[in-house]
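Hello,

Here is the structure I promised to pass on. Please have a look, and find my notes below it.

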Amino acid sequence: MFNLIAGDSNARRGEIATPHGVFQTPAFMPVGTSGAVKALTSQDLEECGAGIILGNTYHLYLRPGTEIVKNQGGLASFNGWNKPTLTDSGGFQVFSLKDISKINDDGVEFQSHYDGSRHLFTPEKVMEIEHDIGADIIMAFDQCVPYPADNKLAAEGVRRTYDWAKRCKEQHQRLLEWRTGDIKPSLFGIVQGSVYPDLRTQSAEQIVSLDFPGNAIGGLSVGETKGEMEEMLAHTIQYLPEEKPRYFMGVGYPEDLLMAVSYGVDMFDCVLPTRNARTGCVFTSDGPLVYRNASYADDSRPLDPNCDCKVCQRYSRSYLRHMYNQSEITGMVLATYHSTYFFQNLMRQIRSAIQESRFAAFRTDFLEKYNSGESI
Ligand SMILES: [Zn+2]
């Protein structure tokens, strides 16, 4: 499924074939929590250049329920995207409900944040749910420990993640055999280990031994420093096979994407561009712009003078700030569109730079301008 097209030092340019088509890597996946990337249509996402979007298993399982998504032809058909999708395992959400979740070796019992109803996620159950949702790439059910986690808790997370990955793989294979008419998703494994190099090594070796078609690095971008994040990424990625896609979960800021690509990461997801856009901050080529600030009340410049997205061609900071203050839906739509376009455009530029063997120079130039704050 993974075709490596070009390499530039450790950075890689490739493409991944799925039942819903091919997407280009390195890829940034906008997060469509309940089946929608908040404030955007599937057409907007296409215009912005997204190749794959992520759906959250926990949210889709609770509402509208996997039966409906399945009956509607799976996630990509349900939301009119009709292109590649990926679902997380729901683990990150149920573990973050720590006051109302009970964890043991079998799985996690948790209460719905909607109505308090009780549910049990086991590796087998999560595989059934993800097969029902029908994404092209599905993630194994893992235990993501919070940060900071002591060595004992982190080691327990690694042990359970391996045990559950084996159970996920077995159930996934059973489902592939039983459900012959369905879309055949690819199951990716997830490496845990918090910020402990020995645990990361152990987890990576265990997960890689299960021979998944892709491997993810989880449990980072959860509160550790940027230095710790880079150190753990650099340490872990050396154990992940080169011929398979590598997915760095929950990352990140533009500087993090560039850093991780330099180590050979192929896939990313993060709510950052869309969530921040809705709360008054967009990303620009001159750095983050808090467009809700009073200093932009009468500023006729676009959000990003260097951006060729349709929002920057037409609307001013002054207007965006006014929309924000009035809580107008239109403001959220416009700001989210720009930031999504900005991230997809960054990935396009990264892919071209790798292909043309000038990634390191691109990274330096981009960050120099990004950190200059010139038009901010
Ligand atoms: Zn723009």
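Let me start with a pairing: strand 2 (residues 11–18) and strand 3 run antiparallel and are joined over five bridges. Strands here are DSSP runs of E with at least two residues, helices are H or I runs of at least four, and both are numbered from the N terminus; two strands pair if DSSP finds at least two bridges between them. Within strand 3, Val22 is the bridge partner of Ala17.

Before going on, note that this is a predicted model: local features need pLDDT of at least 70, side-chain atom pairs count only at pLDDT 80 or more, and totals for chains, interfaces and linings use all residues. Residues are numbered from 1 along each chain as its sequence is written.

The pair belongs to an open, antiparallel sheet of three strands in the order 1-2-3. Strand 1 (2–8) and strand 3 (21–25) are at the edges with a single partner strand each, so one side of each has no neighbour in the sheet.

Helix 13 (residues 329–355) packs on this sheet and touches strand 1, strand 2 and strand 3. Contact means C-beta atoms, placed from the backbone, within 7 Å. The direction of helix 13 makes about 115 degrees with that of strand 2 (axes are lines fitted to C-alpha atoms, for helices over the stretch in contact, with angles from 0 to 180 degrees between N-to-C directions).

As for the whole protein chain, it has 14 helices and 17 strands. Its C-alpha trace spans about 60 × 45 × 40 Å along the principal axes.

Enjoy exploring!

Technical notes
Two residues are in contact if their C-beta atoms, placed from the backbone, lie within 7 Å.
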